[in-house]
Amino acid sequence: SLWARGDAPDGLVVRLRQGSRVIAEQRLAGPGAEWTELPIRLSPRASSRSATLEVGLVGAGQVNIDQVSLMPEAWARGGGFRPDLRDAIAGLQPTVIRYPGGIYAEHYRWKDGIGPQHARGNFPISLWDDVDTNSLGTDEFIELCRQVGAEPMLVVNIGRHDPNGAPREAYLREALDWMEYCNGPADSRWGAVRAANGHPEPYNVRLWEIDNETWNMGVENYAPIVEMFSTAMRAAWPDIEIAACGSSGYGGSAMAWNSYLIENVAEHFDQLSIHHYEGPTNYDRGPRDYEAFFAATGERIAASANPEMKIFISEWNAQSTDWRTGLYAGGILNAFERQPSVAMAAPALFLRHVSAMDWDNAFVNFDQNTWYPAPNYVVMQLYRQHFQPQRLVLDGAQGPLNALATSSEDGRTVVLKVVNPTDTPRPLELTVPGARGAEAWQVAPDFLGARNTLAAPDAVRAERAEVLRAGDTLSIELPRLSVVVVRVTR
């Protein structure tokens with residue numbers, strides 16, 4: 001559909017054009033002085049991966065148009081999501097997706113993102129060269145989570161960017177209203193609004209975070225807000241889990257921020273939400289340095305008033321989309337699993353249109369036709385496909401390798417995930433008592449600058465690798481600059 005107003009006595013015409021050839025056309029009645037939604041239904045006479053959408057006047061007139069939306073019928077039947085991008089998300093089997101992400105959360109007003117899309121308010125500021133129209137709001141986000149099998153995590157705005165200096169209590173009320181919209185029965189105030197928007201059953205959102213990257217306000221000012229919001233949010237919904245904004249990076253100031261929260265308000269939150277983006281040249285040492293920070297933070301948590309608190313790495317990545325990002329992803333994912341204090345982790349950026357060049361580190365990169373996975377996606381998907389829940393102890397020297405061993409609950413499947421970040425192939429020998437068979441996969445493009453593109457979406461990919469077994473002993477050659485997964489059956 002499109003929205004229009006103005007003077008067009010002979011009406012409008014909507015076309016799909018492929019070069020000079022019109023492949024679909026529809027006439028629309030002329031609008032009046034008030035904004036009117038005009039439905040569009042085009043049936044192209046030819047198939048094309050790319051076409052131009054034209055909206056024009058038939059005869060003389062002057063018309064304003066807005067909110068032009070066009071998608072294949074199959075997309076509309078699936079809730080409006082582009083199937084290939086939805087499937088790209090599902091391909092990582094995410095357990096949790098955090099929304100709104102990044103700085104977007106700091107200005108987000110959730111009430112502008114519900115109800116009929118044409119009646120929604122715009123996002124309050126311009127971000128990433130755009131003023132978002134809030135077409136993806138609470139209901140659409142949770143529907144996306146349901147379609148890909150993920151649990152939603154919502155980040156509340158505490159009001160620190162309010163242009164009019166609204167009191168903190170107003171933003172607390174807004175957060176509580178949002179919780180009621182998501183979790184309240186259909187006869188509650190905001191549950192009734194949700195039901196009127198087509199969702200009578202509560203969403204039962206369990207995971208909530210108190211704002212994003214609050215570092216500029218100082219931890220001594222943020223900590224009382226954590227207590228204030230947490231107390232009210234838990235009073236309304238006792239079964240929720242709350243994350244508080246933790247550190248950036250892993251230096252002394254980062255530990256000071258985390259320590260202050262842990263020492264002063266630990267009992268008011270369940271997860272410490274921390275961020276760090278690594279320089280791509282530090283693909284080898286970066287995961288080890290950040291893991292040491294997890295361990296040190298975990299020690300402070302263990303000695304706190306809330307030793308059950310966990311770390312949530314809510315934004316992580318290396319800042320590129322070449323193979324260095326894949327090596328970093330393999331090492332840092334191993335670190336997440338190794339550290340018992342880490343409960344969840346969420347990468348950023350998740351999806352990126354290829355025209356957005358300022359943050360070229362996304363897992364899923366797309367244009368209007370297709371998408372390609374960055375190396376971090378390739379590695380994360382391989383790891384996810386071979387995830388096993390039990391951590392095992394590795395005996396023996398790992399040297400420069402970054403290795404993690406896990407097993408199934410019954411111990412019949414053992415998985416080794418190992419990164420060789422060096423320029424030299426490395427022989428690996430693994431002894432698994434009772435080994436009966438083994439398979440292996442590797443991502444080894446043999447070049448740090450290797451990357452996927454729209455034209456070559458699988459230049460960096462997982463491939464089968466040869467693994468030899470002699471009784472309980474397995475041998476494999478790790479290519480240089482590689483990520484390898486070995487799966488052993490016992």
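A nonpolar core is a set of buried Ala, Val, Leu, Ile, Met, Phe, Trp, Tyr and Cys residues joined through side-chain atoms within 4.5 Å; buried means under 20% relative accessible area with a 1.4 Å probe, protein chains only. The model is predicted, with pLDDT of at least 70 required for local features and 80 or more for side-chain atom pairs, while totals for chains, interfaces and linings use all residues. Residues are numbered from 1 along each chain, and side-chain values use heavy atoms, without hydrogens or water.

The largest nonpolar core holds 94 residues. Its members W208, Y222, F229, M233, F294 and W316 touch the most others. Beyond four places in sequence, Y222 is in contact (heavy atoms within 4.5 Å) with I158, I210, T214, M217, A244, C245, W257 and L261. A second, separate core has 19 residues, including A403, L416, L478 and V488.

Disulfides, defined as pairs of cysteine sulfur atoms within 2.5 Å, number zero. C145 is in none; its nearest cysteine sulfur, in C182, is 11 Å away. That distance is too far for a bond. C145 is buried at 0% relative accessible area. C182 is likewise buried, at 0%.

Key: Buried means under 20% relative accessible area, exposed over 50%, partly exposed in between (1.4 Å probe, protein chains only).
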